[in-house]
Amino acid sequence: MFGRVKPLDAILATAEKKSLHRSLGAFQLTMLGIGAVIGTGIFVLTAEAAQKAGPGMMLSFVIAGVVCAVAALCYAEMASMVPVSGSAYTYSYAVMGELIAWMVGWALILEYAVAAGAVSVGWSGYVVGLIENLFAIDIPNTLVRGPFDGGLINLPAMLIASLVTWLLVIGTKESATVNAALVVIKVSALTLFCVLALPVMKMENFTPFTPLGFGGVGAAAASIFFAYVGFDAVSTAAEETKNPQRNMPIGLIGSLAICTVFYLLVAAGVIGSVGAQPVLDAMGNGLEPGSRELAASCAAIGDQAVVCSKEALAWTLREIGWPQVGNLIGFAAGMALPSVILMMMFGQTRIFFVMSRDGLLPAVFSKIHPQYNTPHVITILTGIGVALFAAFFPVGLLANISNSGTLFAFAAVSFAVLRIRVKDPARHRPFRTPAIWITSPLASLGCLYLFWNLDTKSLQLFAIWAVIGLVVYFAYSRSRSHVGRGIVEVHEDDADAPPQPVPPLP
């Protein structure tokens with residue numbers, strides 16, 4: 001039913017033979033998780049959520065957070081049991097077979113690479129807004145927005161993607177250290193925002209709470225889900241983690257809990273202080289975020305411009321009488337958002353690394369730099385792809401496309417952890433997902449609910465991407481798979497050694 005399955009013992013043996021250096025502890029993992037999660041979702045997409053749900057985006061954050069929480073519990077068990085790179089791809093390979101694993105890995109490209117492009121665009125919006133406010137200038141949209149967003153090319157977004165690529169090439173531990181510093185800046189900025197915005201909340205700004213009904217709340221939850229994308233990137237660092245059985249669950253669940261609290265406080269600050277009612281058309285329907293109609297409406301009614309701002313938090317502080325602090329928040333976002341790009345690209349390169357190590361992608365993708373001990377080839381290629389995404393596409397479109405891949409991967413892991421409980425109940429589990437027969441189905445159903453609440457364009461693009469993935473798999477990867485050829489990965493230094501057989505299924 002599930003085709004070629006790579007047993008867990010074979011996965012662990014492969015990772016041991018050609019592994020990455022273990023240098024990350026629980027604190028660094030938690031910082032990586034916070035760095036990956038808190039970013040464009042809260043700094044930028046708050047405006048898009050307000051346009052879909054109004055004050056009801058508070059519920060949207062809760063819905064998305066609950067789905068991520070139950071998915072995180074599933075991830076924690078798999079990551080502690082299989083502490084190697086690969087995340088959802090590796091877990092799917094061990095439980096549901098090669099074809100499903102390939103599709104999950106293919107979907108993760110949408111999660112990580114496209115998400116990194118989205119965050120790069122979000123960073124560009126804050127930095128450009130900061131420069132324009134500080135120096136009272138108007139930078140031409142031609143150079144700071146893509147063709148789908150009223151410009152020609154987003155040069156700042158390309159620049160930051162390139163800088164992060166260079167940082168990832170020079171080393172994992174160095175990247176984690178820089179990330180920890182950026183996380184401190186980011187958390188400090190959000191804390192300052194809450195301190196200034198929450199005391200001036202007005203309860204009337206929360207009415208009507210769901211102006212577009214629960215359908216708007218669900219649509220906003222599907223978009224806001226991007227605000228949580230990245231916590232699973234912690235699991236891609238399992239092979240580089242010290243004592244992963246203990247530290248992986250701490251990093252996954254701890255980072256998610258901290259981020260959820262911040263999201264709810266920040267959303268309450270935005271809604272309560274300046275209001276967040278969506279702009280409606282003549283028929284009473286919400287205008288599509290990013291549309292020309294919405295942009296024109298926002299230009300005409302400045303009192304609701306928060307729903308259109310590409311730097312929503314900084315704009316909010318300027319509106320409530322803290323213009324300099326608003327600029328400071330813009331500066332902090334400009335400093336901190338690169339940590340999210342870093343983690344997105346980190347996750348992408350580790351997925352490619354493992355897929356290459358399994359023979360599903362060319363072997364050159366898993367080459368490790370002799371000095372920096374990082375997968376430099378695929379890191380550079382990923383960086384080029386992210387820079388191109390960032391240069392030509394708007395943040396909202398990239399975020400929704402990214403969500404489609406993420407939700408597919410989350411649903412796969414949620415099913416995998418339940419199936420392996422049945423298939424291999426005796427295997428040692430340093431962390432066990434509580435109430436597995438409730439948690440796992442709830443996570444899967446939650447992912448499906450959010451998936452179908454994505455916009456039609458994103459669903460169509462996901463379907464096209466899936467078809468391309470199937471073509472690549474059957475045209476190239478299937479015939480070169482190490483599992484299909486009955487071998488475990490042979491290290492490049494042992495090229496003359498005979499192939500090792502895959503251990504039998506338990």
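A crossing of two helices is left-handed if the near helix is turned anticlockwise from the far one by less than a right angle, and right-handed if clockwise. This tour applies that convention to a predicted model, in which local features need pLDDT of at least 70 and side-chain atom pairs count only at pLDDT 80 or more, while totals for chains, interfaces and linings use all residues. Residues are numbered from 1 along each chain as its sequence is written, and side-chain values use heavy atoms, with hydrogens and water left out.

**The whole chain**

Display the protein as a cartoon first. Its secondary structure comes to 19 helices and zero strands; helices (H or I, at least four residues) and strands (E, at least two) are DSSP runs, numbered from the N terminus. Of the 506 residues, 61% are buried, where buried means under 20% relative accessible area, exposed over 50%, and partly exposed in between (1.4 Å probe, protein chains only). Among contacts with a separation of 6 or more, 82% join residues 24 or more positions apart; contact means heavy atoms within 4.5 Å.

**Helices α9 and α15**

Select residues 155-170 (α9) and 323-357 (α15), whose axes come within 10 Å and cross at roughly 60 degrees. Axes are lines fitted to C-alpha atoms, for helices over the stretch in contact, and angles run from 0 to 180 degrees between N-to-C directions. The two helices are therefore oblique to each other: angles under 35 degrees count as roughly parallel, over 145 as roughly antiparallel, 65 to 115 as roughly perpendicular and the rest as oblique. Their crossing is right-handed. Show the side chains of I160, A161, V164, T165, L167 and L168 in α9, which meet P338, I341, L342, M345 and F346 in α15. By class, this contact of α9 with α15 has 10 nonpolar residues, one polar and no charged. Ala, Val, Leu, Ile, Met, Phe, Trp, Tyr, Cys and Pro count as nonpolar, Asp, Glu, Lys and Arg as charged, and the others, Gly among them, as polar.

Of the 25 residues in α5, 20 are buried.

Continue to M96, in the loop between α6 (87-95) and α7 (98-135). M96 counts as buried, at 6% relative accessibility. Its C-alpha atom lies 9.1 Å from that of K6, 90 residues away along the chain.

Then select α7 with α19 (residues 456-480); their axes come within 10 Å and cross at roughly 130 degrees. This crossing is right-handed. Among the residues in contact are W102 and W106 of α7 and W465 and Y473 of α19.

A136, between α7 and α8 (141-144), has a positive phi of about 50 degrees although it is not a glycine. A136 counts as exposed, at 72% relative accessibility. A435, between α17 (395-423) and α18 (436-452), likewise has a positive phi, near 45 degrees. At P208, in the loop between α10 (172-197) and α11 (213-224), inspect the peptide bond from T207, which is cis with omega near -10 degrees.
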